[in-house]
Amino acid sequence: MNATNPEIASTVTVNGIQTNYHDLGSGFPVLMIHGSGPGVSAWANWRLVMPYLAKSCRVIAPDMAGFGYTERACGQHYDLDLWVDQVVGLMDALGIAQADIVGNSFGGAIALALAIRHPTRLRRLVLMGSVGVSFDLSAGLDAVWGYTPSLDNMRRLLDIFAFNRQLVTDDLAKLRYEASIRPGFQESFAAMFPAPRQRGVDALASRESDIRAIPHETLILHGRDDRVIPLSTSLTLNQWIAKSQLHVFGCCGHWVQIEHTARFVRLLSDFLGEEMIS
């Protein structure tokens with residue numbers, strides 16, 4: 001980890017892209033894929049939970065292509081194929097044959113596609129406030145993907161993300177705003193999900209038949225009061241994935257891992273530590 005910036009950790013070349021990733025602890029690997037908020041990084045998304053999980057697992061959290069401190073290639077086209085291939089390439093580069101995969105929001109769509117395309121690379125699947133099925137674009141997600149940098153806009157976004165407004169401090173808004181205006185951040189972010197943004201939702205969705213065929217034990221988590229990704233997406237995933245369980249958090253927006261950190265870590269640790277069900 002960089003002494004002056006905890007978001008910068010280790011670097012490895014994955015499919016020609018210099019990828020920034022965090023690698024903590026030891027044990028069975030858990031690969032955590034962040035969401036798609038402006039200025040996001042793996043550390044910003046998972047900073048509260050990585051130290052706890054690293055007590056019993058090897059936690060790997062990359063900055064996905066176009067986000068954080070992973071290299072931004074000039075003229076890069078961003079799509080689900082790129083991100084899935086990046087995860088597989090990272091596992092290959094680190095010599096990891098199989099891992100548990102945790103996907104948050106946008107990261108959930110990548111995790112779902114990974115389970116469908118490379119089923120043997122996963123042991124268990126965790127989806128949190130996940131994209132990956134088609135739904136009508138919410139006003140919250142439209143605001144997130146349509147973000148243009150300003151401190152006021154960032155404050156408004158954080159109000160959408162969090163149920164508990166006490167979490168939305170001026171310091172947090174300033175931190176996330178400054179992250180969103182680092183060189184190259186907004187340029188790659190704006191290129192990913194241009195209007196009409198319903199296309200972005202649909203492009204991240206996997207086919208119903210493919211999701212129904214997922215054989216993995218799956219933990220699904222969602223905030224009941226999520227204004228970014230509707231709870232209905234997780235209800236659908238729970239119906240479609242045979243070996244799934246759904247936990248809905250009341251008084252919780254799109255930030256389960258931040259608003260309910262201790263409960264999130266306990267659920268995740270219990271689920272990942274269970275004996276496998278044949």
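Student: What covers the buried residues of α6?

Tutor: The cover includes α5 (139–145), α7 (170–180) and α12 (256–259). Helices here are DSSP runs of H or I with at least four residues, strands are E runs of at least two, and both are numbered from the N terminus. Buried means under 20% relative accessible area, exposed over 50%, and partly exposed in between, with a 1.4 Å probe and protein chains only. Contact means heavy atoms within 4.5 Å.

Student: And what is this based on?

Tutor: This is a predicted model, in which local features need pLDDT of at least 70, side-chain atom pairs count only at pLDDT 80 or more, and totals for chains, interfaces and linings use all residues. Residues are numbered from 1 along each chain as its sequence is written, and side-chain values use heavy atoms, with hydrogens and water left out.

Student: Which residues of α6 are buried?

Tutor: In α6 (residues 151–161), they are Met154, Leu157, Leu158, Ile160 and Phe161. Down the helix axis these buried residues fall within an arc of 155 degrees, so they line one face of α6. The arc is that of the directions from the helix axis to the C-beta atoms.

Student: Why would residues three or four places apart point the same way?

Tutor: An α-helix has 3.6 residues a turn, so residues at that spacing point the same way.

Student: At what angle do α6 and α7 pack?

Tutor: The angle is about 115 degrees, and the axes are 9 Å apart. Axes are lines fitted to C-alpha atoms, for helices over the stretch in contact, and angles run from 0 to 180 degrees between N-to-C directions. On the α6 side the contact is made by Leu151, Met154, Arg155 and Leu158. On the α7 side it involves Asp170, Leu172, Ala173, Lys174, Arg176, Tyr177 and Ser180.

Student: Now the sheet. What is the order of the strands?

Tutor: It is an open sheet of eight strands in the order β1-β2-β4-β3-β5-β6-β7-β8, with mixed pairing. β1 (10–14) and β8 (244–249) are the edge strands, each pairing on one side only. On average, neighbouring strands are turned by 25 degrees against each other, direction ignored. Two strands pair if DSSP finds at least two bridges between them.

Student: How many bridges join β1 to β2?

Tutor: Five, and the two strands run antiparallel. Thr11 has Asn20 as its bridge partner in β2. The two strands form a hairpin with two residues between them, and Asn15 in the turn has a positive phi of about 50 degrees. From β2 to β4 there are four bridges, also antiparallel, and Tyr21 stands opposite Pro62 in β4.

Student: Is β3 parallel or antiparallel to β4?

Tutor: Parallel, joined by three bridges. β3 (residues 29–33) also pairs in the parallel sense with β5 (residues 99–104), over four bridges. Ile33 stands opposite Gly103 in β5.

Student: Which way do the residues of β3 point?

Tutor: Pro29, Leu31 and Ile33 point one way, Val30 and Met32 the other, and all are buried.

Student: Which strands does α3 lie across?

Tutor: β1, β2 (17–24), β3, β4 (58–62) and β5, running at about 115 degrees to β1. Helix α3 (residues 80–93) has 14 residues, of which 10 are buried, so it is largely enclosed by the rest of the structure. Among the buried ones are Leu82, Trp83 and Met91. Gly95, which follows α3, has a positive phi near 70 degrees.

Student: Different topic. Where is His222?

Tutor: His222 is in strand β7 (residues 217–223). Its relative accessibility is 0%, so it counts as buried. Outside four places in sequence, its contacts include Gly129, Ser130, Thr233 and His247. The C-alpha atoms of His222 and Leu246 are 7.9 Å apart, though the two residues are 24 residues apart along the chain.

Student: Last one, Ser206. Where does it sit?

Tutor: In the loop between α9 (198–203) and α10 (208–212). Ser206 counts as buried because its relative accessibility is 15%. Not counting residues up to four places away in sequence, Ser206 touches Ala113, Ile116, Gly132 and Ile211.

Notes. Expected span 1.5 Å × (residues − 1).
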